[in-house]
Amino acid sequence: MSDDIPFNKKLDLAPGRVEEVVPGIRRILADNPSPFTFKGTVSYIVGQGDVAIIDPGPDDERHIGALLDAVRGETVTHIVVTHTHRDHSPGAALVKAATGAKTYAEGPHRAARPLHIGEAPRLDASNDTDFRPDQPLAESDVVSGSGWALEAIPTPGHTANHMAYALRGRDLIFSGDHVMGWSTSIVAPPDGAMSDYMASLEKLARREEALYLPGHGDVIRNAPRFVQSYIRHREGREASILHRLGKGATDIPTLVRAIYIGLDPRLIRAAGLSVLAHLEDLVTRGMVATEGAPSIAGTYRLAG
Ligand SMILES: [Zn+2]
């Protein structure tokens with residue numbers, strides 16, 4: 001989709017196989033590959049003996065079975081969730097039923113803004129609206145267990161409730177779907193919001209952790225530089241949208257065709273929502289005008 005971000009499209013990990021990705025942290029790949037999930041969701045096990053599971057993944061008994069096998073003889077003390085998409089949080093209920101561990105997350109699923117009249121949550125099928133954390137988390141809250149401590153970093157944008165977690169003393173962040181090594185993150189209104197997303201990237205860019213362990217794809221090394229390239233990529237996309245509007249494009253399908261060259265057809269709808277996310281942000285900042293609330297079927301022009 002873009003060659004300005006140093007993506008890593010490799011992941012040598014078979015579904016269900018447990019691997020120590022860095023000392024003291026194991027990962028297991030769920031078998032749910034797709035154009036949105038890459039090779040599948042990566043679940044993490046933090047610690048040894050008494051452990052936390054980060055993002056148990058989809059409602060998939062084989063994956064949950066592999067996770068529970070990986071921690072046989074150990075005690076799961078915490079289940080930590082980055083956000084409420086169906087490929088990340090539904091497995092929490094299964095792991096909780098098997099282990100009795102408490103669940104931790106920012107909160108239940110919610111939209112980033114009130115719905116407009118006639119609007120439905122557009123990527124509804126991807127949302128897990130059943131999940132409710134036992135313990136809601138806020139900025140700087142620390143969840144700690146035996147030999148590890150996770151600091152909550154609210155990172156709204158991909159979803160309103162997205163939370164990244166820094167592993168204290170270890171120079172690494174579990175970045176969920178906010179920053180991934182294989183692709184940009186999807187920001188789709190009304191569940192996601194571009195202004196929030198950019199602010200969350202700026203927040204991570206101010207941090208020093210070198211290593212990110214994402215919800216999809218391999219480890220991201222040199223993470224601060226990678227985050228900068230994510231920011232520049234979004235700024236470039238915004239510039240492209242403004243450029244195309246200046247040249248007379250007025251609707252989202254035209255913008256998508258002009259900007260996303262060679263796009264996988266299965267991603268056209270998501271690309272349209274991503275452009276809508278940029279337009280919402282540009283309308284809020286007074287740079288683009290539209291009739292009424294920004295919508296996927298709306299017409300747009302440069303303001304002023
Ligand atoms: Zn997601």
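**Close-up A. Packing of helix 1.** The buried residues of helix 1 pack against strand 2 (25-29), strand 3 (42-46), strand 4 (50-54) and helix 2 (91-99), where contact means heavy atoms within 4.5 Å, and where helices (H or I, at least four residues) and strands (E, at least two) are DSSP runs numbered from the N terminus. The model is predicted, so that local features need pLDDT of at least 70 and side-chain atom pairs count only at pLDDT 80 or more, whereas totals for chains, interfaces and linings use all residues. Residues are numbered from 1 along each chain as its sequence is written, and side-chain values use heavy atoms, with hydrogens and water left out. In helix 1 (residues 61-70), the buried positions are His63, Ile64, Ala66, Leu67 and Ala70; buried means under 20% relative accessible area, exposed over 50%, and partly exposed in between (1.4 Å probe, protein chains only). These residues cover an arc of only 155° around the axis, which puts them on the same side of helix 1, the arc being that of the directions from the helix axis to the C-beta atoms. Glu61 and Arg62, on the other side of helix 1, are exposed. At the N-terminal end, helix 1 is capped by Asp60, a side-chain oxygen of which lies 2.9 Å from the backbone nitrogen of Arg62.

**Close-up B. The zinc site.** The zinc ion is coordinated at 2.1 to 2.3 Å by His83 (NE2), His85 (ND1), His158 (NE2) and Asp177 (OD); donors are N, O and S atoms within 2.8 Å of the metal (3.2 Å for Na, K and Ca), and water is not among the atoms, so sites may look incomplete. His158 lies in the loop between strand 9 (148-154) and strand 10 (163-167), and Asp177 in the loop between strand 11 (172-176) and helix 3 (194-205), so the pair ties together parts that are 19 residues apart in sequence. The donor residues follow the spacing H-x1-H-x72-H-x18-D. His158 counts as buried at 7% relative accessibility, and Asp177 is likewise buried, with a relative accessible area of 4%.

Close-up C. Ser185 lies in the loop between strand 11 and helix 3 and counts as buried at 2% relative accessibility. Its side chain is joined to that of His158 by a polar contact of 3.2 Å, a polar contact being a pair of N or O atoms within 3.5 Å, of which, within protein, one must be able to donate a hydrogen and the other to accept it, while residues adjacent in sequence count only if both atoms are side-chain atoms. A polar atom of the Ser185 side chain also lies 2.6 Å from the backbone oxygen of Asp177.

**Close-up D. The nonpolar cores.** The largest nonpolar core has 50 residues, and those with the most contacts inside it are Ile25, Phe174 and Val179; such a core is a set of buried Ala, Val, Leu, Ile, Met, Phe, Trp, Tyr and Cys residues joined through side-chain atoms within 4.5 Å. Helix 3 gives the most to this core, with 6 residues. Apart from it lies another core, of 20 residues, among them Ile259, Leu267, Leu282 and Val288.

**Close-up E. Backbone features in loops.** A cis peptide bond, with omega about 5°, joins Pro189 and Pro190. Phe38, although not a glycine, has a positive phi of about 60° and is placed in the loop between strand 2 and strand 3.
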